[in-house]
Amino acid sequence: MAWFDRLTVIFAKSISVISTSLGLGAGETWPGEIAVSIRPDIARFLSGKLSDGTILVAGTNGKTTTSLMIKTILEHIGDSVVHNATGANLLNGIVSSFIRNTDWLGRVTADMGIFEVDENSLPVVLKYITPKRLVLLNLFRDQLDRYGEVDVIVEKWMTALAKLPKTTEVILNSDDPGIAGLGRVIKGKVTYFGLNDPGKYLGVREHATDSIFCFRCGHRLTYDGIYYSHIGSWRCTKCGNTRPVPTVTRGPSPLPGLYNQYNALAAVGVATSLDIPDKEVKKALRGFAPAFGRQEEIRVGKKTVKLFLSKNPAGFNASLKTVLEMGAKDILLVLNDRIPDGRDVSWIWDVDFEMIPPSVTVGVSGDRRYDMAIRIKYADIDIPSSRVYQQLEDAIVKSLKKPLKGNALYILATYSGMLEVRKILKGRKIL
Amino acid sequence: MKQSIKIAWLYPDLMSTYGDRGNVIALQKRAAWRGIEASVVPVTLETNVKALAGSDIFFMGGAQDRQQKLAGEDFLKHKGPVVKEMIEAGVPALFVCAAYQFAGHYYKPYRGEKIPGAGIFDLYTVHPGDQAKRLIGNVVARVVHPETLSGTVIVGFENHGGRTHLGPKMQPLAKVIKGNGNNGDDGWEGAVYKNAIGSYFHGPLLPKNPMIADWLLAKAVGTLIPIDDTLEVMANNAMR
């Protein structure tokens, strides 16, 4: 019934175009929602029309950046790509991206799909889309009130991955014990990426770790070294479960921060598996521009704002460490508790704010600014009430009015806070 | 007044899911700001039970199922009896979320056998079935016990499937104003037994409810000098 699928796409597309022109929203998710409600398996039809197949990227942190890196590489070598660039990463968001990339006869106008996928949605997306490549980055505690616990996601993924055919090649992070362990249920080829750089091991471990017990036997894992959170060179001394030896260990990372090194390795892993020459990968990533709100630089008059999405303990620790390495002296923290941020903000106590030296000026804003202010106070960092800003715009204006001690104002914000910062500084939330 | 205290943090690597560290930091800092040195002793699977001796305050937090099982087995067999004895003798303690459930007589999952608890608290927890709603969200409650704190308002976040019911030896900690509390039914939140408190509030409990932190500290060291709580009070008020 391909004609019915096409008709569905044309119908959803028409409504989307009419509503967008009437200013009723950009249609990130609901054209897909309409199509899925008419035809639940519409994603199967759409992805089946891509001559070069689909690549899916999932994980708690880094999926937007990694999928953008892969897209950048693919476009560099001349592929035409459909991609959920705005981060709408549930099934309806993916179908919406397709609908934007169809003509008026309901035909898909790209050769290849590259989509980031929400952790909880991966099983349902895999039900309809059989990817050519699947990249799994990491799993950290994130929005426990919405996603549940890391162990639960690992289990759901394991069940879904076991059903994948031999033709799906999977690219896994060898250094995350929960991710690496998924390799044993996969029928197709598995490529592991990871770091071999003991010089970058942490001296003191972070508090926020999740998968430090063996997924096979439950015994405490032994680490030769940890790069961040529970990511490192691990083994189980009881049952012999060990970190697989990664084959992709080097890649040109276009962005600062160890976590971006991992994102780059994942992208290189995909490129290598598609026989794209290293030279072209390097060339492609040289001009890489960060995704919205991910280390994004925004000029405001003569000053620079650097915006870091920071939405869970592992991600926040990574952002903090990176901005301090970049020379941050003025930091604004924005904490919201809306649906996309998670309603529970207790996770801020798992972030190691204690790493911020006294020379740094810290301000706070967002719906839950007082929670953040207390967290900062209990890290023995000075936070006078004059730097607890009720209005985000006020926070940005006042922080930029003073002479900056460092090279930029660094804003670390949860998801909805990040979008608001963009709205204030760029006039639009996403792209 | 005591000049130094030992806070025993039970299973910091296993039972520490919802920012539980915040409770330990709050105790430690609120002691330090008063010139009392507070050292934190991590007590986990490999720790010898002797390390518990001389503890001035106990804390135990929430966990993922797999981790709770590991910690639970060890606690029942080794550390639990010692902690129980010390709490009976009046050592202050705080049990949050999974630890609160586990301090009771048992936890009855919706499938399978009852899981025995440490029996420190006279309470039990029942999971009403996989179709039952998880109790998730911000909570506001008015303290009823301990009496010295009666009438103060505590705020936090709850996220639990199990419903906890108190036995006659327990006193409820607070009356729920907004949210669910122990079981979403009888209107109580948390429990007090001697100088030990149990609560479903993570969020975490102590930073935004400093009077609870100070009550525990005072039980360990004696009368406390007041400190500036302007930010804490604002954070507490903001959630009401």
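Two strands are said to pair if DSSP finds at least two bridges between them. Helices (H or I, at least four residues) and strands (E, at least two) are DSSP runs, numbered from the N terminus. The model is predicted: local features need pLDDT of at least 70 and side-chain atom pairs count only at pLDDT 80 or more, while totals for chains, interfaces and linings use all residues. Residues are numbered from 1 along each chain as its sequence is written, and chains are lettered from A and ligands numbered from 1 in the order in which they are written.

- Axes here are lines fitted to C-alpha atoms, for helices over the stretch in contact, and angles run from 0 to 180 degrees between N-to-C directions.
- Strand E11 (residues 330–334) of chain A pairs with E12(A) in the parallel sense over five bridges, and Val334(A) stands opposite Ser365(A) in E12(A).
- Strand E9 (residues 294–300) and strand E10 (residues 303–309) of chain A pair in the antiparallel sense, over six bridges. Glu296(A) stands opposite Leu307(A) in E10(A).
- The hairpin of E9(A) and E10(A) has two residues between the strands, and Gly301(A) in this hairpin takes a positive phi near 60 degrees.

**The nine-strand sheet of chain B**

- In chain B, nine strands form an open sheet with mixed pairing, in the order E2-E1-E3-E4-E13-E12-E11-E8-E9.
- Strand E2 (37–43) and strand E9 (153–160) of chain B stand at its edges; each has a single partner strand, so one side of each is left without a neighbour in the sheet.
- From one strand to the next, the twist averages 25 degrees.
- Strand E4 (residues 93–96) and strand E13 (residues 196–199) of chain B pair in the parallel sense over four bridges, with Leu94(B) opposite Ile197(B) in E13(B).
- Helix H1 (residues 21–32) of chain B packs on the sheet and touches strand E1 (4–10), E2, strand E3 (57–60) and E4 of chain B. The direction of H1 makes about 155 degrees with that of E2(B).

**Domains of chain A**

- Chain A is divided into domain 1 (2–286) and domain 2 (294–426); such bounds come from an automatic or database domain assignment.
- The centres of the two domains, taken over C-alpha atoms, are separated by 27 Å.
- Their contact takes 21 residues from domain 1 of chain A and 18 residues from domain 2 of chain A. Two residues are in contact if their C-beta atoms, placed from the backbone, lie within 7 Å.
- On the side of domain 1 that touches domain 2, helix H4 (63–76), H7 and H10 of chain A each supply at least two residues. The largest share of that side, three residues, comes from H7(A).

**Contact between chains A and B**

- This contact takes 23 residues from chain A and 28 residues from chain B.
- Helix H7 (144–147), helix H8 (150–162) and helix H13 (369–377) of chain A each supply at least two residues of the chain A side. H13(A) gives the most, with five residues.
- By class, the chain A side has eleven nonpolar, three polar and nine charged residues. Ala, Val, Leu, Ile, Met, Phe, Trp, Tyr, Cys and Pro count as nonpolar, Asp, Glu, Lys and Arg as charged, and the others, Gly among them, as polar.

**Nonpolar core and buried helix**

- The largest nonpolar core has 203 residues, of which Val95(A), Ile411(A), Leu27(B) and Ala99(B) touch the most other members. A nonpolar core is a set of buried Ala, Val, Leu, Ile, Met, Phe, Trp, Tyr and Cys residues joined through C-beta atoms within 7 Å.
- Helix H10 (residues 258–273) of chain A provides the largest share of this core, nine residues.
- Domain 1 and domain 2 of chain A both give residues to this core, so it lies between them.
- Not counting residues up to four places away in sequence, Ile411(A) touches Val305(A), Leu307(A), Phe308(A), Leu332(A), Val334(A) and Val421(A).
- Helix H5 (residues 91–100) of chain A is mostly covered, with nine of its ten residues buried; Val95(A) and Phe98(A) are among them. A residue is buried if 20 or more other C-beta atoms lie within 10 Å of its own, exposed if 12 or fewer, and partly exposed in between, with C-beta atoms placed from the backbone.
- The cover over the buried residues of H5(A) includes helix H1 (2–21), helix H2 (30–38) and strand E3 (112–117) of chain A.
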